[in-house]
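Colleague: I have a few questions about how this chain is packed. Could you take me through them?

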Amino acid sequence: MSKVFVTRNWHPNAVKLLSEYFSVKVWDQPAIPTSEQIINSAQECFAIITEFDDKITSDIIKSIPSLKVISNRAVGYENIDLTAAKSNNIKIGNTPGILVETCADFTMGLMLDLARNITFSNRNVLDGKWISFDQTPYLGTDVYQKRLAIVGLGQIATSVARRAVNGFNMNVSYWSRTRKTQIESELNLNYVDDINELVQNCDYLSIHCALTEDTYRIIDKEQFDLMQDVKLINTSRGPTINQNELINAINNGNINSAALDVTDPEPPNHKSEIVKHPKILITPHLGSGSQETFNKMAIMAAKNIINVYQNKNMISEVVIE
Ligand code: GLV
């Protein structure tokens, strides 16, 4: 029987499904497997299911000659050495689509949290600072009818825009490499072709672009300097913003506060300024983390493997150029 290795013990339903076709080995230690442990555990495996923070290097790929599929339970796949995978004829699967609404919910949650100082006030309650009825330290701003600027207009950003327009009557602008006129007219969005113009005219700025060479630090000092009292939400990838400049921008008032579900690096040092900053709220890369979506992504990762095994197309295959 062919073998599959799963790098976490989080996915009983996916393991059950895979077990109909494969002998499945699951990593069951609390710490994530090291490269050496992946190599040892995945020997003779046809496929592995990996998580976003399993670094699948060329060394790992070369050390498991039986490997035919790397199935990442994530949309992003920057943890995998694509060149090594291609030259070893390994297919890569990912799990886009099903997390869209879940991530959009989470983005709105972070926006509302920043707007109304939910986490920041809770920190004080935990510190015993709720002495009498006094809202004045926590007076936030409305979300309803405010201006939202979106960087990138992929599926998640579109769902965020839909919530913002239909649920909160926000005035939504976006910048994207490619203009999307159909979504624009459906949701009445304003397209801005210059990112510097976008960031100058918003109350909330939400980052949704994929991380590429072009979007690395797309929000940097130049952009922060143009902002005024903006609340920033990042649920895409940490390196899309310059974090040191974010801290400066908060300290000098260009940015009011920030909610980061992604950081650079991930996880951040828990003693670092970015984690300790009173106006920065960090969550541990939770965008897609609802029970329903977590489970669906694992099942999709399993099906991607089964499909290759049955000589069918993956539900989602990463095309390596
Ligand atoms: C999460 O960030 C993912 O890429 O699925």
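Predicted model: local features only at pLDDT ≥ 70, side-chain atom pairs only at ≥ 80, totals over all residues.

Colleague: At what angle do the axes of helix 1 and helix 13 cross?

Modeller: Helix 1 (residues 12–19) and helix 13 (residues 291–309) cross at roughly 20°, and their axes come within 8 Å. Since angles under 35 degrees count as roughly parallel, helix 1 is therefore roughly parallel to helix 13. The crossing is right-handed.

Colleague: Which residues in helix 1 meet helix 13?

Modeller: Helix 1 contributes Asn 13, Ala 14, Leu 17 and Leu 18. On helix 13 they meet Asn 295, Ala 298, Ile 299, Ala 302, Lys 303, Ile 305 and Ile 306. The residues of this contact comprise eight nonpolar, two polar and one charged.

Colleague: Turning to the sheet, what is the order of its seven strands?

Modeller: The order is 8-7-6-9-10-11-12 in an open sheet, and the pairing is parallel. Strand 8 (190–191) and strand 12 (280–282) are the edge strands, each pairing on one side only.

Colleague: How many bridges join strand 10 and strand 11?

Modeller: Five bridges join strand 10 (residues 230–234) to strand 11 (residues 255–260) in the parallel sense. Asn 234 has Leu 260 in strand 11 as its bridge partner.

Colleague: Which strands does helix 11 touch?

Modeller: Helix 11 (residues 243–251) packs on the sheet and touches strand 11 and strand 12. Its direction makes about 140° with that of strand 11.

Colleague: And where does helix 7 lie?

Modeller: Helix 7 (residues 155–168) lies across strand 6 (147–151) and strand 7 (171–175). Helix 7 runs at about 175° to strand 6.

Terms used:
Residues numbered from 1 in each chain as written. Heavy atoms only, no water. Axes fitted to C-alpha atoms, helices over the stretch in contact; angles between N-to-C directions. Helix = DSSP H or I, 4+ residues; strand = E, 2+ residues; numbered from the N terminus. Parallel < 35°, antiparallel > 145°, perpendicular 65-115°, else oblique. Left-handed = near helix turned anticlockwise from the far one by under 90°. Contact = heavy atoms within 4.5 Å. Nonpolar A, V, L, I, M, F, W, Y, C, P; charged D, E, K, R; others polar. Pairing = 2+ DSSP bridges.
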